[in-house]
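This report describes selected helices, their packing and several individual residues. The sequence and structure are shown first.

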Amino acid sequence: MLKHVTFAGVFALFAGAATAQDADSVVATIGDTEITLGEMIIVRAQLPQQYRDLPNDVLFTGILDQLIQQQLLADSAGAVPPRVAYALSNETRSLMAGEAINVIAEGAVSEEAVVARFEEMTSGATPGEEWNASHLLVETEEEAIAARDRIEAGEEFADVARDVSTGPSGPNGGQLGWFSAGMMVPAFEEAVQTLETGGLSGPVETQFGWHIVTLNDKRTLPLPELDAMRRDIEAALQEEAITARLAELEAETEVTRPEEGAFDPELLDALDLLEPK
């Protein structure tokens, strides 16, 4: 059975083709200069955060007006000033470098690479530990021994800490909360690690003074899972790939740098060099 295409249907097909738009579609002209849809899309993507949630039907006219006004002013400025030419050169270089970085970064990350790096990082790893401890801090060993004697005689550690400790945790009964290896000074950490839960240390000297420490609790930390490390691994893979590609590019390209002393670093502030000659 034949399908009939009506005149209206044919018109609709041609109308759709005629109104098809891409990034090169001209939205407006200012003299001989064309404003394209692609230019408007870029402006939209670079808007400050406070404008990004505005609906596009509001932004469209505003962005177009901005580009038209900028073009009118640019046309009135005459020849391109040196500082604008240099800025355009820098901007082009930066944008092209950014595109290259994006390509390298995307190519550096695959599930296989992420899993391999995770296995490399966790191979042979053992679960860590965390400790929950309290301490009191005094100036002399004699004061530390006296405080320990009070606790051994039956006083609560927290009460003695509130009474004698000069450390910032004293008002809180000496409670330090949970911490892991490397977070405390070595002598203090060593004393904590030798204690059993509920145990009380002898006087421990650090650069802060003399401590008496009690271990409230300890726990084993689970080994990290892949999903918890994924972002860090991906970032490391991307950075390594970019660094390696830069080394390759510099090795295969003739790059010259000025000899030491050839340029005075103070010239970086010489904005007058950018004035038209």
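This is a predicted model: local features need pLDDT of at least 70, side-chain atom pairs count only at pLDDT 80 or more; totals for chains, interfaces and linings use all residues.

Leu 67 lies in helix H4. With a relative accessibility of 12%, Leu 67 falls under the 20% limit and therefore counts as buried. Leaving aside residues up to four places away in sequence, Leu 67 is in contact with Ile 35, Glu 39, Met 40 and Val 43. Between Leu 67 and Glu 39 the C-alpha separation is 8.7 Å, although 28 residues separate them in sequence.

Helix H10 runs over residues 226-252. At 1.5 Å a residue, its 27 residues should span 39 Å, and the distance of 37 Å between its end C-alpha atoms therefore agrees with this expectation.

The buried residues of H10 are Leu 226, Met 229, Arg 230, Ile 233, Leu 237 and Ile 242. An α-helix has 3.6 residues a turn, so residues three or four places apart point the same way. Helix H5 (82-108) and H6 are among the elements that cover the buried residues of H10.

## Packing of H6 against H10

Helix H6 (residues 111-122) packs on H10 at an angle of about 105°, and the two axes are 9 Å apart. Angles of 65 to 115 degrees count as roughly perpendicular, so H6 and H10 are assigned to that class.

On the H6 side, the contact is formed by Glu 111, Ala 113, Val 114, Val 115, Arg 117, Phe 118, Met 121 and Thr 122. These residues meet Leu 226, Met 229, Arg 230, Ile 233, Glu 234, Ala 236, Leu 237 and Glu 240 of H10. By class, the contact has ten nonpolar, five charged and one polar residues.

Ser 180 belongs to strand E4 (residues 175-180). Apart from residues up to four places away in sequence, Ser 180 touches Glu 129, Glu 130, Trp 131 and Glu 189. The C-alpha atom of Ser 180 is 9.0 Å from that of Asn 132, a residue 48 positions away along the chain.

Thr 140 is located in the loop that joins strand E3 (129-138) to helix H7 (141-152). Its relative accessible area is 30%, which means that Thr 140 is partly exposed. Thr 140 and Pro 203 are 63 residues apart along the chain, with their C-alpha atoms separated by 9.3 Å.

How values were computed. Residues are numbered from 1 along each chain as its sequence is written. Side-chain values use heavy atoms; hydrogens and water are left out. Axes are lines fitted to C-alpha atoms, for helices over the stretch in contact, and angles run from 0 to 180 degrees between N-to-C directions. Helices (H or I, at least four residues) and strands (E, at least two) are DSSP runs, numbered from the N terminus. Angles under 35 degrees count as roughly parallel, over 145 as roughly antiparallel, 65 to 115 as roughly perpendicular and the rest as oblique. Contact means heavy atoms within 4.5 Å. Ala, Val, Leu, Ile, Met, Phe, Trp, Tyr, Cys and Pro count as nonpolar, Asp, Glu, Lys and Arg as charged, and the others, Gly among them, as polar. The expected span of a helix is 1.5 Å times one less than its number of residues. Buried means under 20% relative accessible area, exposed over 50%, partly exposed in between (1.4 Å probe, protein chains only).
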